[in-house]
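Dear colleague,

Please find below the structure that I am handing over to you. My findings follow directly after it, and I would be grateful for your comments.

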Amino acid sequence: MTTGVPKVSVVVPAYNPGEHLEKLIDSLLRQSMPAAEFEVIFVDDGSTDSTPARLDELAAAHPHIHVLHIENSGWPSRPRNVGVQRARGEYVQFADDDDWLADEALARLYAYAREHDADIVIGKMAGHGRSVPGGLFRVNRPDATLDNAPLIDSLTCHKMFRRTFLLEHDLRFPEEGRKRLEDHHLVVRAYLLSRRTCVLSDYTCYHHRKRPDGGNLTATRMEPAAYFNSLREVLDIVDAHTEPGPLRDKLHRRWLRTEMTKRLRGTRLRNAPPDWVDQVVTEIQKTIQERFAPGVAAGLPSVQRTIAGLAAQGRVADLLRLAEWEAGVRARARLKEYEVTGSTLSVTLTGQLRNGDQPVSYTHSGGRDRLVVPVEEIPAELLDCTAELSRARLDVVARRAADNAEFLLPVRFEVDRVPDPTGELHLVYRGTATADFRTLNAGRTQGDWSLKARVSGSGWSLDAKLPLAVSCAVDGADPTVVDKRKKPPAKKPGRWRRLKRAVQRRLGVTGRRAVRIS
């Protein structure tokens, strides 16, 4: 690296963030990477609040912070492109003006990029009112591809890119007005062109926030025709770099799942304006019919496959009926017992997906399982969830209160199929998870923690809080656990539990059989 060239350039588009900018500024000033080794480039997109003066003041006080003022473009794309043109760093890290970076983020991401000679490094994200792709961050991935990792689930630009890689391939954000999915246009091309992409999962690097005032620039309701035109342009990028077949279907499935069926589910659809719903369904119907091979929808879980099938037929009334029912689906978890041994906390729990006071149910006939929904005339193949039930899983997530960082705990679980009196069946999840607070988050455990169960199956992955409050006085300390139940159930001795189950089996009450143990 040439002397005087920064290791990293952080590029931040800014438009009227107000006080929300301060958290990002504080995080940049706290970076463990020495200030002489990185630069920050704020591109003020014609802000009309106090932002220009605040940024100029900041730049005057800190030589490694620079500010560019441009005429308002109305969207983050042009400021980001201007920032990349000005950047001198070996790598470019994009950040938004209302998000923030963890203290060691730049140092860790840069070291990981250099270690593996990466074109792209994705740091673990924490969501604050926003969802983040938790499955991508289960483990470190030094050589992630679109084929061997769920990279396609992470399409925001809040990543670290080799600057020469961006320039070599002219990777720019589209500047045609307020173009939706602008991140997708750049990130998808980058994934397809990258020689090596790495995922750093053992340290939470980036905090992605939804502003409580709803002021995120791209948070306004989208205009369906323009939105789906942009989406189809992203599909064009995929098609230009892949052949028809399983990989293309897998990539296309991401937009069908996240940008289409997700908009037609539960309260999101139920609360949307009717004329807007009609426009969205029309655009989705067009895209499914014109752009997706049969294998795209076929790879979805049953509830999403059903929504896609109804949308492809333009059955708006049935979509609304299904959404009304799905709005009531919740995860329920019961803490059975817990134990603290030194630094290790073990929890035993059960979980279930329920709709109101009834479990989500399935039928079984001809060797096939099918989801039960309150909509008639749905083809059986759309509701078929035979394979999905074998992949149902129970996770336990530890969340640190200080920064919302989440960690999946080691868990052993089984899923029981329980017959209903109606002849249908439902699933009961049972598992035991352990957390060693000496090693969780690399021993950075000081503060308060909460636990939640994550119940996944048939297209749902829903969380339910567990009634335990956990705290560590210092990093790596033994946890203090408080049971928040008003009246914790008495522990039953093992012999009583075995006797009870034997009686139930004799009476034919349970009839359970394990589907999966992991």
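A disulfide is counted here when two cysteine sulfur atoms lie within 2.5 Å of each other. Please note that the model is a predicted one.

By that criterion, the search of the whole structure returns 0 disulfides. Cys157 illustrates the result: the closest cysteine sulfur, that of Cys205, is 15 Å from the sulfur of Cys157, and this is too far for a bond. Cys157 is also buried, at 0% relative accessibility. Cys385 is likewise buried, with a relative accessible area of 1%.

The second topic is strand E1, which spans residues 8-14. Because 7 of its 7 residues are buried, E1 is largely enclosed by the rest of the structure. In a regular strand, side chains alternate between the two faces of the sheet. Both faces of E1 are covered: one side carries Val8, Val10, Val12 and Ala14, while Ser9, Val11 and Pro13 are on the other, and all of these are buried.

E1 has pairing partners in strands E4 and E2. With E4 (residues 91-94), E1 runs parallel and is joined by 4 bridges; Val8 has Tyr91 of E4 as its bridge partner. With E2 (residues 38-45), the pairing is also parallel and comprises 7 bridges; here Val10 is partnered by Val40 of E2.

With kind regards

Technical notes:
Residues numbered from 1 in each chain as written. Predicted model: local features only at pLDDT ≥ 70, side-chain atom pairs only at ≥ 80, totals over all residues. Heavy atoms only, no water. Buried < 20%, exposed > 50% of the residue type's maximum accessible area, 1.4 Å probe, protein only. Helix = DSSP H or I, 4+ residues; strand = E, 2+ residues; numbered from the N terminus. Pairing = 2+ DSSP bridges.
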